[in-house]
Amino acid sequence: MEDKIRVSYEQIEKANKDIETIKLGTKGYAQVNERIKAFRKVYPTGPIETIIEEIKDDYVRIMAKVSNENGEVLATGRASEMLTGDSKKDYINKTSMIENCETSAVGRALGFAGFGVDSAIASAEDIEKSKRTNKTFEIYQNMFIRDEEAKYLAKVTIGELMRKMGVVKESLNTVVQKELWTTLEEMTTQQLLNLELKLKTLNMETNSWHQLYNENQKIKEVVPVNQEVVYESIWTKFGKIALEQAGTDMLLRNDIIDSYLNMGINLGDK
């Protein structure tokens, strides 16, 4: 029996190593689909069941259950979703409240079963949902700023990159609407971070948005083609705020500096 348990644990550990995570804040979180793939590597035919425990016009609670191939329950997880009356927050739940809730419940059940829990039981979807609800953004482990502040700093950086790359705002907004199904004004903090990555290499001919480069004829000095742009990144701004929050706590300051160095960002001397 002990051998069977040990082998099962080793299989779960091996499956977890193949999980791709999404970076949210300073941590990596597994999406539910990645947890399901890991689960299937260990239990190819193990059932994943969901049961609606309570449902109203504006609320649903779902329980998810994952079992092995012998029908033995490995773990359960619960999640709930509700309509708040806020049109932006309710955009997805208006049409897919049950499906959204089901995904969260399955993710938690798989997490309790040991799949994709290197950093947290919460899935990437749960973390994003929490950020939308609480309106905060994690700049370091358990260190947050208001999401509106994060967006403001991100938009300042995006504006700087647009000037350095000679981008016309209207043209960029058109591409964003076409490819990302949103607008520059309505982009989330994470979307703005992804946009930064796109814009900082816009002068590279391999960039799929290269047609936007040097379009603004009013800007005379743009970054030359294929040259690396020099600017203060969004995460550098976040890192400086994290150091301010750390104050005189040198252990915490050093941890922040080391963590950001691992991200390729130098916040200065210790």
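**Sheet, helices and a surface patch**

In this predicted model, Ala64 stands opposite Gly77 in S5.

Reader: What makes S4 and S5 count as paired strands?
Author: Two strands pair if at least two bridges are found between them. Strand S4 (residues 59–67) and S5 have 9 bridges, in the antiparallel sense, so they meet that definition.

Reader: Which order do the strands of the open sheet take?
Author: The order is S3-S4-S5, with 3 strands and antiparallel pairing. S3 and strand S5 (73–82) are the edge strands, each pairing on one side only. On average, neighbouring strands here are turned by 15° against each other, direction ignored.

Reader: What holds strands of a sheet together in pairs?
Author: They pair through backbone hydrogen bonds, either parallel or antiparallel.

Reader: Which helices lie across S3, S4 and S5?
Author: Helix H2 (residues 32–42) lies across these strands and runs at about 140° to S3. Helix H3 (residues 93–112) also lies across S3, S4 and S5, running at about 150° to S5.

Reader: Why is Ile52 called partly exposed?
Author: Ile52 has 42% relative accessibility. Buried means under 20% and exposed means over 50%, with partly exposed in between, so Ile52 counts as partly exposed. Its place is in strand S3 (residues 48–56).

Reader: How do you know that Ile52 can belong to a surface patch?
Author: A patch residue needs over 30% relative accessible area, and Ile52 has 42%. Ile52, Ile55 and Ile98 form a nonpolar patch on the surface. Together they have about 240 Å² of accessible area.

How values were computed
Residues numbered from 1 in each chain as written. Predicted model: local features only at pLDDT ≥ 70, side-chain atom pairs only at ≥ 80, totals over all residues. Heavy atoms only, no water. Patch = residues over 30% accessible without salt bridge, like charges linked within 9 Å, V, L, I, M, F, W, Y side chains within 5 Å. Areas by Shrake-Rupley, 256 points an atom, 1.4 Å probe, with all protein chains shown as cover. Salt bridge = Lys/Arg side-chain N within 4 Å of Asp/Glu carboxyl O. Helix = DSSP H or I, 4+ residues; strand = E, 2+ residues; numbered from the N terminus. Buried < 20%, exposed > 50% of the residue type's maximum accessible area, 1.4 Å probe, protein only. Axes fitted to C-alpha atoms, helices over the stretch in contact; angles between N-to-C directions. Contact = heavy atoms within 4.5 Å.
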